[in-house]
Every structure is written in C-alpha cells, then in structure tokens.
Amino acid sequence: MKIAAIVTDIEGTTSGIGFVHDVLFPYALKHVAGFVREHQEERDVMRVLLRISEKTGIPLHDIEGMIRQLQQWIRDDEKITELKTLQGMIWEKGYKQGLFQAHIYDDVPEQLQRWQQEERNLYVFSSGSVKAQQLFFRYSIFGDMRLLFSGYYDTTIGPKREANSYRKIAEAIALKPQSILFLSDSREELDAAAEAGLRTTWVIRPQDTSLDPERVRLKSPHPVVTSFEQIHPD
Ligand SMILES: [Mg+2]
C-alpha cells in the first residue's frame, strides 16, 4: 500500500536532542519566574495559573509558590500540559527576539520537500505542545518550515507510547494505518505505532545516542536508518 502520509517525531529524529535540553529547557527555567510575575494578569497566563492551582492546591495568589512548582517541573522534564503551554509562551519571546533557532538535521528539509512533492502529507507527533512545535518549525535554522506540514499532534491526542494514540492520529488524518509511516528515535514509540498498524522507521542519530545502528538493525522489527536520505517510502 502506498505511503500517503508520514508522521514524524521531532527530538532525536528531525532534530538534535541537544537543542531542546541545552537551549530551550534552560531558557524556560531561567525566565519562568520573570515571565509569570510580568504576565500573571493576562488572560492566557491566568487561565494556566488557575489550572495549576486546581491541580496542585497551591493558592492562586501564591505566585512565588506557583513559580517554584513550575521550576521543579521544568527540572524534572514533566510532561504536564499547563507547563508545556507556559513554556511555549516563554520560548515564543526568545524565538521572536532571535535568541535561538530550532535545530534541524541537514538531511531533513530536502527529504520533507521531496515527500511533499510526491503528494505525501506530512505531520508532526511530539510531546511538545502544538504551539511549541509550530514555533520550532517557524524559527528553524532553515527558516520557516511550517508550510511543509499538514498538521501537528501533541499528547492531548494520547501518550506517545500507547497504540491508541496512533489509531486516533490515523482516524484524524482519515487514512488507513498501513498507509502511514511513522518516524522516531524511540523504540517504545515505534512499537506502539506498529501495534496500531502503522509502518515504522527507526531513526538513529549517532550524534544523539550511543546505540550502534548496525547492531540494532540485526534484531529490530523496525527498519533502521541514520539519515532521512535513507528512507524510501513504498
Ligand atoms: Mg524523539
């Protein structure tokens, strides 16, 4: 069956893990206190603070307590929706000021363009919020890449390691799972996607992992590549 859509992970797949961990997370950690103090009266921020208050029991007026909780979540890399939303707002300021650009591996833009020309729809599935994903591809080292993608999914559709999330994505893009190819650097995510019937390819970036692609290839049920150039859908 022809591959009609390709769904890709970001971290460790299209992009180096280093950018997120060494640039984005420390930036959010450094600026979260100032950002919350400065913007706490704004509706979008207030809505997030209200949900954090409900979730944690920290009173809404205890802004400093709220900030300490947020800082702890960032340090622990917690996948909490409210944190992801706030981080997106903080990063937006940094991207717009040109303080950093999202890392993309060299082989990625050309292949995405080729697949798009072959009339395959491209999607993102990442644990970062949809907003953070769109910022990422808008302010990339290759410029604004958003037009390459037909849609973005985050963990509001479901966890990345559960097959049901991939069934829901297939439903959302209205394609049979077997006509969708999922790209990721995570074995657990690939297993979940395969369980849902998607085709899979394991992207192993030697810059990001100590896994030896040759050894993995011997026993992996998922095809293994080290660059998007090695991916040939169909
Ligand atoms: Mg990944």
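Strand β5 (residues 199–203) is largely enclosed by the rest of the structure, since five of its five residues are buried (20 or more other C-beta atoms within 10 Å of a residue's own, with C-beta atoms placed from the backbone; 12 or fewer count as exposed, and values in between as partly exposed). The structure is a predicted model, in which local features need pLDDT of at least 70 and side-chain atom pairs count only at pLDDT 80 or more, whereas totals for chains, interfaces and linings use all residues. Residues are numbered from 1 along each chain as its sequence is written.

Both faces of β5 are covered, with Arg199, Thr201 and Val203 buried on one side and Thr200 and Trp202 on the other. β5 pairs with strand β4 (residues 180–184) in the parallel sense over four bridges (pairing requires at least two DSSP bridges between two strands). Within this pair, leucine 181 has arginine 199 of β5 as its bridge partner.

Helices α2 (residues 43–56) and α4 (residues 81–96) pack with their axes 9 Å apart, at an angle of about 155°. The two helices are therefore roughly antiparallel (angles over 145 degrees). The contact joins Val48, Arg51, Ile52 and Lys55 of α2 to Glu82, Thr85 and Leu86 of α4 (C-beta atoms, placed from the backbone, within 7 Å). By class, this contact has three nonpolar, one polar and three charged residues.

Leucine 50 also lies in α2 and is exposed, with 12 other C-beta atoms within 10 Å. Leucine 50 and leucine 60, ten residues apart in sequence, are separated by 6.4 Å in space, C-alpha to C-alpha.

Note on methods: Axes fitted to C-alpha atoms, helices over the stretch in contact; angles between N-to-C directions. Parallel < 35°, antiparallel > 145°, perpendicular 65-115°, else oblique. Contact = placed C-beta atoms within 7 Å. Nonpolar A, V, L, I, M, F, W, Y, C, P; charged D, E, K, R; others polar.
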